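Q: Could we go through this structure together? I would like to begin with the sheet and then move on to a helix.

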Amino acid sequence: MRFDAAVLRSYEDPFAVEEVMLNAGPGDGEVLVRIAGCGMCRTDLAVRRSAGRSPLPAVLGHEGAGVVVETGGADTGLSPGDHVVLSFDSCGRCRSCLGAAPAYCDDFAALNLFGGRAENAARFTDAAGGTLAPRWFGQSSFAAYAMVPARNAVRVDPALPLELLGPLGCGFLTGAGAVLNSFGAGPGDTVVVFGAGAVGLAAVMAASAAGAVVVAVDRHPERLALAEKSGAAALHAASGDLPDRIRRLTDGGARYALDTTGSAPLINDALRSLRPRGHLGLVARLHTELPLEPGALDRGRRLSHICEGDAVPALMIPRLTGLWQAGRFPFDQLIRTYPLSDINEAEADCEAGRVVKPVLIP
């Protein structure tokens, strides 16, 4: 079948919406999904800075949502017409997958970042027959259709606004999952979030929904305003004595902190804002050494990296849609939609901070 997709052909060039071809139907355990909307995540844009590790040309996009068109067998657990949110790929067989930690799958990098499943490499091509990287994050959903492992697809209520749900498969899942799964935050806990982008604001919303006291730190006043609207106290990242100000707002220090910035100075501020035995989670990939200030990890404070919010998507995505239906996780307020043909405008707006979460509509 032929359909339109946004193809990235080099690390410097803009996306080009082209006709692509899928040369085979779903195999065992796969489903073909007609994409209703796909979020743009900074991981998609980071491909440009991947030093050649991510194969091109490729169709990116890994926050897709859509309708199942065809299944590759009865064992998928899905049927044509099902509404699904797509998340990351995992093998389902390694110790992490079997231990309900698919984000730490032994094959996570190979399946999601470096070209996808090798057995599918020849069946996804451009109109001239040139091979495209087979599957980005198990999806390649900057497109009208995506072929995905059923393991990636989570059935959702058809009454939900399907075109807006894709970011629940990665960005919003990461921020909310860090708070609800990794931290297990609840009523009376204190959470400080550094960076009020898509991941950070999802964390703010989840912490507020959990009954925690929340502080958000960012340098964009409009994003701090969104955090305040979601129940957080807001602090500008350039504020003097940031750890002291956070300690005053959290009655002696935060129990949990989440850094989405990857900034070494802010990570040290986050550690110094914690109470004894506090936990700082990092979700951004660090590209340089992380110097820690003396005493930053004293008194039982700990530091960990969190991948995909420690989430099992089949459990976390329904939890988040349920919170949205209850009015407690208004993620739709963070979204601006663009036609797929305007993907380069969406990228520019995302990089400039003019939009929190772009969603592309084929």
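Q: In what order do the six strands of the open sheet lie?
A: In this predicted model, the six strands run in the order 12-11-10-13-14-15, with parallel pairing.

Q: Which are the edge strands?
A: Strand 12 (233-236) and strand 15 (302-305) are the edge strands, and each of them pairs on one side only. On average, neighbouring strands of this sheet are turned by 20° against each other, direction ignored.

Q: How many bridges join strand 10 and strand 13?
A: Strand 10 (residues 190-194) pairs with strand 13 (residues 254-259) over four bridges, in the parallel sense. Phe194 has Asp259 in strand 13 as its bridge partner.

Q: Turning to helix 4, which strands does it touch?
A: Helix 4 (residues 171-183) packs on the sheet and touches strand 13 and strand 14 (274-282). The direction of helix 4 makes about 145° with that of strand 13.

Q: Where is the kink in helix 4 centred?
A: The kink, of about 45°, is centred on Gly177.

Q: And what span should the 13 residues have?
A: At 1.5 Å a residue, helix 4 should span 18 Å; its end C-alpha atoms are 17 Å apart, which agrees.

Q: Is helix 4 mostly covered or exposed?
A: Helix 4 is mostly covered, with 12 of its 13 residues buried. Among them are Phe172, Leu173, Leu180 and Phe183.

Q: What covers those buried residues?
A: The cover includes helix 5 (198-209), helix 9 (313-325), strand 16 (335-339) and strand 17 (357-361), as well as strand 13 and strand 14.

Q: What follows helix 4?
A: Gly184 follows helix 4, with a positive phi near 65°.

Methods:
Residues numbered from 1 in each chain as written. Predicted model: local features only at pLDDT ≥ 70, side-chain atom pairs only at ≥ 80, totals over all residues. Heavy atoms only, no water. Pairing = 2+ DSSP bridges. Helix = DSSP H or I, 4+ residues; strand = E, 2+ residues; numbered from the N terminus. Axes fitted to C-alpha atoms, helices over the stretch in contact; angles between N-to-C directions. Contact = heavy atoms within 4.5 Å. Expected span 1.5 Å × (residues − 1). Bend = angle between axes of the 7 residues up to and from the residue. Buried < 20%, exposed > 50% of the residue type's maximum accessible area, 1.4 Å probe, protein only.
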